There are 2 protein chains.
Amino acid sequence: MSKTQRMPHCDKSDCPVAHATDIVGDPWSLLIIRDMLILGKHEYKEFMQSPEGISTNVLANRLKKLVCADLIEWINHPEYKTRKLYYLTPAGKDFIHVIVALASWADRNMDSVSLPPEMAEKLRNNPQGIIENALRALTEWEEKYLQQS
Amino acid sequence: MSKTQRMPHCDKSDCPVAHATDIVGDPWSLLIIRDMLILGKHEYKEFMQSPEGISTNVLANRLKKLVCADLIEWINHPEYKTRKLYYLTPAGKDFIHVIVALASWADRNMDSVSLPPEMAEKLRNNPQGIIENALRALTEWEEKYLQQS
DNA sequence: CCGCATCCCTATAGATACTG
DNA sequence: CAGTATCTATAGGGATGCGG
């Protein structure tokens, strides 16, 4: 039997942070969520194109994990049958507050981060505006692609 | 030579989220920071006692990483020469906004999270109060243990 | 005791090649 | 194009060692 195996933190702790790390406690999941929230991406190949260079197996694995965790869902592409369209659930969209907090923190504290000034300015002076814009864009996408029953 | 090796995201991307994941894109780092910010922990053995069960090599490794990333520093324990006291730098303390955002998100969206009602109430209605309390506690600790020059 | 460092060993992460 | 298969390097649990 497995002598060494990591048990999910949610089995050992009641802390919400510990529970959250089971889902978003790795770089790739965070980057996929960023792609969807901030960059408005919806397709496998769009995720592949991000500069961080996720590999195919990792991407497939994380998409599955995020679906299981109910942060994202997918539908078939209405036009190209071989594609899927991924989109954020309410829980996934709500994660924007964490992403913006993280980006703001990095902007404030990491010397290696240097954003285009107009982006930095937004992040510092009007993060709420970023959140609202992102959520509006997602809503527009949903109205276009998701037929509500 | 290593055929497969992960390059830090900061080398490939300018995104602040990508840069942040190089430091806090793993569960254990986040849990250590939570311990320091929310639970007021300062010692190796206190981190060891957290219910998630970090192991000694991982703890030592992460403490080093966090020192290198300038999120934490340490001094010798003034009383017990064999101990160290870890404490958060300004960048580390500023991370409280991310931790609280993450905890709030988990509280709102993860069914498996059920906080004591009085804690949940604070998180929902007065997260700013949590932040202020945490920062005040850290300042008090600093006044006690850090002689300012 | 305390804070690690090291070793051993397995499970997982992730790069690359490949497939339906 | 969207994944799976394969394969290697790393992560990290557990035990132990060791200097202070």
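Guide: Contact here means heavy atoms within 4.5 Å. Please keep in mind that this is a predicted model.

Visitor: How many residues does the contact take from chain B and from chain A?
Guide: A residue is counted by heavy atoms within 4.5 Å. By that criterion, the contact takes from chain B 41 residues and from chain A 41 residues.

Visitor: Which residues of chain B lose the most area to chain A?
Guide: The area buried between chain B and chain A is about 3700 Å², and carbon and sulfur atoms give 73% of it. On the side of chain B, three residues together account for 16% of what that side buries. Those that lose the most area are Pro16(B), Val17(B) and Trp105(B).

Visitor: Which residue of chain A meets Asp94(B) in a salt bridge?
Guide: Between chain B and chain A the count is two salt bridges. A salt bridge needs a side-chain nitrogen of Lys or Arg within 4 Å of a carboxyl oxygen of Asp or Glu. For Asp94(B), the N to O distance is 2.6 Å, and the partner is Arg108(A).

Visitor: Which helix of chain B gives the largest share of the side that touches chain A?
Guide: Between the two chains, ten residue pairs are in polar contact. Helix 1 (16–24), helix 2 (27–37), helix 5 (90–94) and helix 6 (96–109) of chain B each supply at least two residues of the side that touches chain A. The largest share, ten residues, comes from helix 6.

Visitor: How many nonpolar residues has the side of chain B that touches chain A?
Guide: Sorted by class, this side has eight polar and eight charged residues. Its nonpolar residues number 25.

Visitor: Over the ring of which residue does the charged end of Lys84(A) sit?
Guide: In chain B, Lys84(B) lies over the face of Trp74(B), at 3.6 Å from the ring centre. In chain A, the charged end of Lys84(A) is 3.7 Å from the centre of a ring, that of Trp74(A).

Visitor: Which residues of chain A form one aromatic cluster?
Guide: Over all chains, the structure holds eight aromatic pairs. One aromatic cluster is formed by Tyr87(A), Trp141(A) and Tyr145(A).

Visitor: What pattern does chain A follow along the sequence?
Guide: Chain A has eight helices and two strands. Read along the sequence, their pattern is α-α-α-α-β-β-α-α-α-α.

Methods
Residues numbered from 1 in each chain as written. Chains lettered and ligands numbered in written order. Predicted model: local features only at pLDDT ≥ 70, side-chain atom pairs only at ≥ 80, totals over all residues. Heavy atoms only, no water. Buried area = accessible area lost by both parts, 1.4 Å probe. Polar contact = N/O pair within 3.5 Å; in protein donor to acceptor, adjacent residues only side chain to side chain. Helix = DSSP H or I, 4+ residues; strand = E, 2+ residues; numbered from the N terminus. Nonpolar A, V, L, I, M, F, W, Y, C, P; charged D, E, K, R; others polar. Phe/Tyr/Trp six-rings, centres within 6.5 Å; stacked < 30°, edge-to-face > 60°. Lys NZ or Arg CZ within 6 Å of the ring centre and 35° of its normal.
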